[in-house]
Amino acid sequence: MSPIKKIAILTSGGDAPGMNAAIRAAVRGAIFNKLEVMGSIRGYQGLIDNNLVPMDSQSVSNIIQQGGTILKSARSKQFLTPEGRQIAYDNLQKNKIDALVVIGGDGTFTGARVFSGEHNIPIVGIPGTIDNDLYGTDYTIGYDTALNTVVEAVDKIRDTASAHSRLFFIEVMGRDAGFLALSSAIASGAETVLVPEINTGYKKLDDFLRNSFKKQKSSSIVLVAEGDKLSGGAIKIAERVNKEHPDYDARVTILGHIQRGGSPSGMDRVMASRMGVSAINALLDDQKSVMIGMVNGEIVYVPFNQALKNKKPLPPKQLELIDILSI
Ligand code: F6P
């Protein structure tokens, strides 16, 4: 028998479509296993503010299809301090909470690792970020929806790019990771992609532009991850290109936070449902400080240490695909 009787759930960091589906699954998975559940409002900050609400099966009705997070999210500065974490722990004690389920990305799991180390509280993480950049899982909740959002936007931009024979630089989210940019580039037939993981150097882009012009390409789309080192962002790179290649008449679109919103895709809902219930099973299985991962379609437990220490590599074969498919 597990000693865990009562848990709290929170969402932290950048929100991602499908977080609500994960909350729903974790709450219902917990209730199915006769656990009591509370929700912390605004992530770790809710633990510090003692802003905890009881959750029952009804409290997560009709949310599987909603973007955002009903528990709200925050990047708590106070939780970065030992004093803040002590207050959070005292409030967990006051509320008789034995364990936590945290939904978010690397910042969320860094906080969880420190907190569980200091106060010996079992914590299980569910990966929720549109960046898909967590080591140890093929997939993070929100990534598929964001990918579809980007592809829909790029398709529309392609229409006008083609009508005017223009070059577009389209900036997508990903401060440190190019997964979203790379997949979107493949799926939208972009001519090339700039990602933070690889410093391609200006020469490659320059060569590509000269070649395309020679080939009289009627339009070109370059996807730029926001953290790309070469460009320093789509605006800067477009300014440089317009100076050096005036024939192109380049334009820029920054997709921004539109990528974080919207109703989650079917895929995100299924992943979130599986991961949410698995998080509860992991706690009941006496797991501590692990992230739920998905590898080859199967649920795995990844220690926070491992998920945070390693950098997930961009698949090199997919990078090659862009070069092959844009000839
Ligand atoms: O980590 C998710 C993410 O959307 C990144 O892709 C992006 O760089 C960042 O969050 C933006 O964060 P904020 O909404 O706090 O500006």
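## Basis of the description

Helices (H or I, at least four residues) and strands (E, at least two) are DSSP runs, numbered from the N terminus. By this assignment, Ser183 belongs to helix α6 (residues 179-188).

The model is predicted: local features need pLDDT of at least 70 and side-chain atom pairs count only at pLDDT 80 or more, whereas totals for chains, interfaces and linings use all residues. Residues are numbered from 1 along each chain as its sequence is written, and side-chain values use heavy atoms, with hydrogens and water left out.

When residues up to four places away in sequence are not counted, Ser183 touches Tyr143, Leu147 and Gln318, contact meaning heavy atoms within 4.5 Å.

## The four-stranded sheet

An open sheet is formed by four strands in the order β7-β8-β6-β9, with parallel pairing; two strands pair if DSSP finds at least two bridges between them. At the edges are β7 (192-194) and β9 (251-254), each of which pairs on one side only. On average, neighbouring strands of this sheet are turned by 20° against each other, direction ignored.

Six bridges join β6 (residues 167-172) to β8 (residues 220-225) in the parallel sense. Glu171 has Val224 of β8 as its bridge partner. Helix α8 (residues 234-244) lies across β6, β8 and β9 and runs at about 160° to β6; axes are lines fitted to C-alpha atoms, for helices over the stretch in contact, and angles run from 0 to 180 degrees between N-to-C directions.

## Packing of α1 against α9

The axes of helix α1 (residues 19-32) and helix α9 (residues 266-284) cross at roughly 35° and come within 7 Å. On the α1 side, the contact is made by Ala21, Ala22, Ala25, Ala26, Gly29 and Ala30, and on the α9 side by Arg269, Ala272, Ser273, Gly276, Val277 and Ile280.

## Nonpolar cores

A nonpolar core is a set of buried Ala, Val, Leu, Ile, Met, Phe, Trp, Tyr and Cys residues joined through side-chain atoms within 4.5 Å. The largest comprises 64 residues, and Ile7, Ile9 and Ile221 have the most contacts inside it. Helix α5 (residues 143-164) gives the most to this core, contributing nine residues. Another core, of 25 residues, lies apart from it and includes Ala8, Phe79, Val102 and Ala307.

Beyond its neighbours within four places in sequence, Ile7 has contacts that include Ala30, Leu35, Met38, Ile97, Ile280 and Leu283.

Conventions
Buried means under 20% relative accessible area, exposed over 50%, partly exposed in between (1.4 Å probe, protein chains only).
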